[in-house]
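Here is a friendly walk through a few local features of this structure. Have the sequence and the 3D view at hand as you read.

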Amino acid sequence: MILRPIATHLHLQRPQYPNEKTQSNRHQEHHRRPLAAAFCSLRRPIPPPFYSTCDDVSLQQLVHQFNPKVPIEEAVTPPSSWYTDPSFFDLELHRVFYRGWQAVGYIQQIKDPRDFFTGRLGNVEFVVCRDDDGKIHAFHNVCRHHASLLASGSGQKSCFVCPYHAWTYGLDGQLVKATRITGIQNFNVNEFGLIPIKVATWGPFVLLNLDNEIFPPGEADSHIVASEWLGSCSNILSTNGVDSSLSYVCRREYTIECNWKVFCDNYLDGGYHVPYAHKGLAFGLQLQSYSTTIFEKVSIQSCEGGSMKSDRLGSKALYAFIYPNFMINRYGPWMDTNLVLPLGPKKCQVVFDYFIEASLKDDKDFIESSLEDSERVQMEDIVLCEGVQKGLESPAYSIGRYAPTVEKAMHHFHILLHQNLTNDCVVD
């Protein structure tokens, strides 16, 4: 079927009213104005689903059971209910994930015009694409007709066609076809495009910001994003090999029966668990050299590795945690990223993307061996995290303590969470 501008065959323009109105004209216009105003509001980007806990005293008390002002030597960890309570999980979605920049993918997924990929963050379904002019867009992946999801997975499309009733949208989000709506009134095609989401890139990564009340939709300036997302450590990451020159290898996804923060805590313990739980990994690291540096929203853990050039870990490993849920691991010729997606109070998905230096992209034996070693570490971590989640649900556990010399990054993570969770409510 040929795509035609919808206004040419569906008569979408509203009727013109004469200057001299009859009583009937005035009656029609009186009932038309509120509807027109409602449609006009659709032109504005919508914020994430409204959520307020200003009056939920018990939930606020739960947040304040962790005191970020107590130094790590004296501090107790957040209570176990932070990791198990469904209401607390809902609060996190709205205060943590629906605000600020969130890593969602990488540039190679949309390197060519018409490339796209989809994803989900909390209750937000999104699609990111590159149009025929090379511009990157992001939208809520929801048809404006009856809310069907538009696209799934990734690939190439010249337009987005709803699988439900074939409403069709351009890669710029504009509605270009609506089927079988003859007779519809008060309908303006320009007001029913896809709802945009703020999108940006930094290095090899694609980022979204769902807080449209603060950031207008469209592609953001990468320098501004670097400052907001990474703060003062953006240059450190760039100069340590976190850039777009690496070749993409593969993706692996793990669904884990634990709260998303359990996985983050495990990552942020300063290598504390490595000699006990990852003996193979520990053999390739000089754990006595392990160090942690704290930045505004980032913590960087580093450790000296083996000196053998063939070793996948190389001479130094760098582990960067970008609040709230993204990890960048740079070691030897490899970079892998871990994106921790909350699926519920007791479940998360961790998405691993692997990149390698271009000179080794065709070394299949080295790549296969390295991925096997990485997979072994992930399986060991999954056992740990799922065991911790079960322990958090036990009545025997409420709060814990920090090991001050090694768990500084974990403590910093909890402080940032507390800051987000105690932000003042905004009431419409």
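## A charged patch

D365 lies in helix α10, which spans residues 364-392; helices here are DSSP runs of H or I with at least four residues, and strands are runs of E with at least two, numbered from the N terminus. This is a predicted model, in which local features need pLDDT of at least 70, side-chain atom pairs count only at pLDDT 80 or more, and totals for chains, interfaces and linings use all residues. Residues are numbered from 1 along each chain as its sequence is written, and side-chain values use heavy atoms, leaving out hydrogens and water.

D365 counts as exposed because its relative accessibility is 63% (exposed is over 50%, buried under 20%, partly exposed in between, with a 1.4 Å probe and protein chains only). On the surface, D365 gathers with D362, D363, E368 and E372 in a patch of negative charge (residues with over 30% relative accessible area and no salt bridge, like charges joined within 9 Å; a salt bridge is a side-chain nitrogen of Lys or Arg within 4 Å of a carboxyl oxygen of Asp or Glu).

## Two buried strand residues

Now to strand β1, residues 101-106, where Q102 sits. Q102 counts as buried because its relative accessibility is 3%. Its side chain reaches the backbone oxygen of R99 at 3.1 Å, and a polar atom of that side chain lies 3.5 Å from the backbone oxygen of F97.

N329 belongs to strand β16, residues 326-331, and is buried, with a relative accessible area of 5%. The N329 side chain makes a polar contact of 2.6 Å with the side chain of Y267 (a pair of N or O atoms within 3.5 Å, one able to donate a hydrogen and the other to accept it; residues adjacent in sequence count only if both atoms are side-chain atoms). A polar contact of 2.6 Å also joins the side chains of N329 and D336.

Notes
Patches are made of residues with over 30% relative accessible area and no salt bridge: like charges are joined within 9 Å, nonpolar side chains (Val, Leu, Ile, Met, Phe, Trp, Tyr) within 5 Å. Accessible areas come from the Shrake-Rupley method with a 1.4 Å probe; for residues, only the protein chains shown count as cover. Lys and Arg count as positive and Asp and Glu as negative; His and the chain ends are not counted. The place of a charge is taken as NZ of Lys, CZ of Arg, CG of Asp or CD of Glu.
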